[in-house]
Amino acid sequence: MTNSTTIPAPFEDSLAVKPAWLDANGHMNVAFYLQAFDDGGEVFFRDCGIGWDYTHAGVGSVFMSNCDLDFHRELFEGDTIRVTTRLIDWRPKLVHTWQEIYHRERGYLAATAEMLFVHIAFADRRSAPMPAAAQARLAAVLDVHAGLERPAALGRKIEIRN
C-alpha cells in the first residue's frame, strides 16, 4: 500500500488503445472499455491492498458484482487514454467505485463506469470482510474522495424517456 498521507484524488493511470481492441466500426469495442477500466483501476486496488498481488497471494479477491458503463465519445487505435478511479463508498465486504476514461491528448470524456465489488475469501468462495489494513486504507481514501464533486450520473437508472 501507498503511504497513508499520499492519496490521489482521483487515482489515475494511462493506457493506449491496442489494435486488438478495435471492432468492425474501426473504434474501440465495448468489451475493451471494460478491460481499460479494469486495467486502469488496478492502481487504486493495489494501493488499497486488494489488487492483483493480493489475489495472487491466494487469500481472496474482489469480484465485480455490478457495473454500469456509459459511452460518450469514440476512441481509436493508438489513442492514449487516462483512466481515473475514485471511491464512492465501501463496507467491510463491498467497494463502490466511479471511473472515467478520458482521451489523454484531447481531454474529452470517452466513457464512465460505476461499479460495485464484493470481497471473496478463496477458502470457501463466499463474501467475507477485507483484511483490516485494506479497510483502514479504504477509510482514509474515502475521507479524501468524499470531498470530490459527486458524479451527476452516479446511481442513474437506464430508461427510455418519453
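Reader: Is alanine 140 buried, partly exposed or exposed?

Author: Please note that this is a predicted model. The class of a residue follows from its relative accessible area: under 20% is buried, over 50% is exposed, and partly exposed lies in between. Alanine 140 has a relative accessible area of 24%, so it is partly exposed. This residue is found in helix 3. Its C-alpha atom is separated by 30 Å from that of alanine 16, which is 124 residues apart from it along the chain.

Reader: Where does histidine 145 lie, and is it buried or exposed?

Author: Histidine 145 belongs to helix 3, which covers residues 132–145. Because its relative accessible area is 1%, histidine 145 is buried.

Reader: Which residues does histidine 145 touch, apart from those up to four places away in sequence?

Author: Histidine 145 touches Ile7, Pro8, Ala9, Pro10 and Phe11, and also Thr85, Arg86 and Leu87.

Reader: How should I read the nonpolar core?

Author: In soluble globular proteins, nonpolar side chains tend to be buried together. Here, the largest nonpolar core has 33 residues, and Phe44, Ile50, Leu75, Val95 and Ile101 have the most contacts inside it. Two or more residues of this core come from each of strand 1 (11–16), helix 1 (30–47), strand 3 (80–91), strand 4 (94–103), strand 5 (109–121) and helix 3.

Reader: Which residues are in contact with phenylalanine 44, leaving aside its neighbours within four places in sequence?

Author: Phenylalanine 44 is in contact with Phe11, Thr85, Leu87, Val95, Thr97, Leu138 and Val141.

Reader: How many helices and strands does the protein chain have, and in what order do they run?

Author: The protein chain has 3 helices and 6 strands. From the N terminus, their order is β-α-α-β-β-β-β-β-α.

Reader: What does the radius of gyration say about the protein chain?

Author: One compares it with the value for a compact globule. For 162 residues that value would be near 15 Å, and the protein chain has 16 Å, which agrees. Along the principal axes, the C-alpha atoms fill a box of roughly 45 × 35 × 30 Å.

Reader: What percentage of the residues is buried, and what percentage of the contacts joins residues at least 24 apart?

Author: Buried residues make up 41% of the 162 residues. Among contacts between residues at least 6 apart in sequence, 71% join residues at least 24 apart.

Notes. Residues are numbered from 1 along each chain as its sequence is written. This is a predicted model: local features need pLDDT of at least 70, side-chain atom pairs count only at pLDDT 80 or more; totals for chains, interfaces and linings use all residues. Side-chain values use heavy atoms; hydrogens and water are left out. Helices (H or I, at least four residues) and strands (E, at least two) are DSSP runs, numbered from the N terminus. The radius of gyration is taken over C-alpha atoms; the globule rule is 2.2 Å times the number of residues to the power 0.38. Buried means under 20% relative accessible area, exposed over 50%, partly exposed in between (1.4 Å probe, protein chains only). Contact means heavy atoms within 4.5 Å. A nonpolar core is a set of buried Ala, Val, Leu, Ile, Met, Phe, Trp, Tyr and Cys residues joined through side-chain atoms within 4.5 Å.
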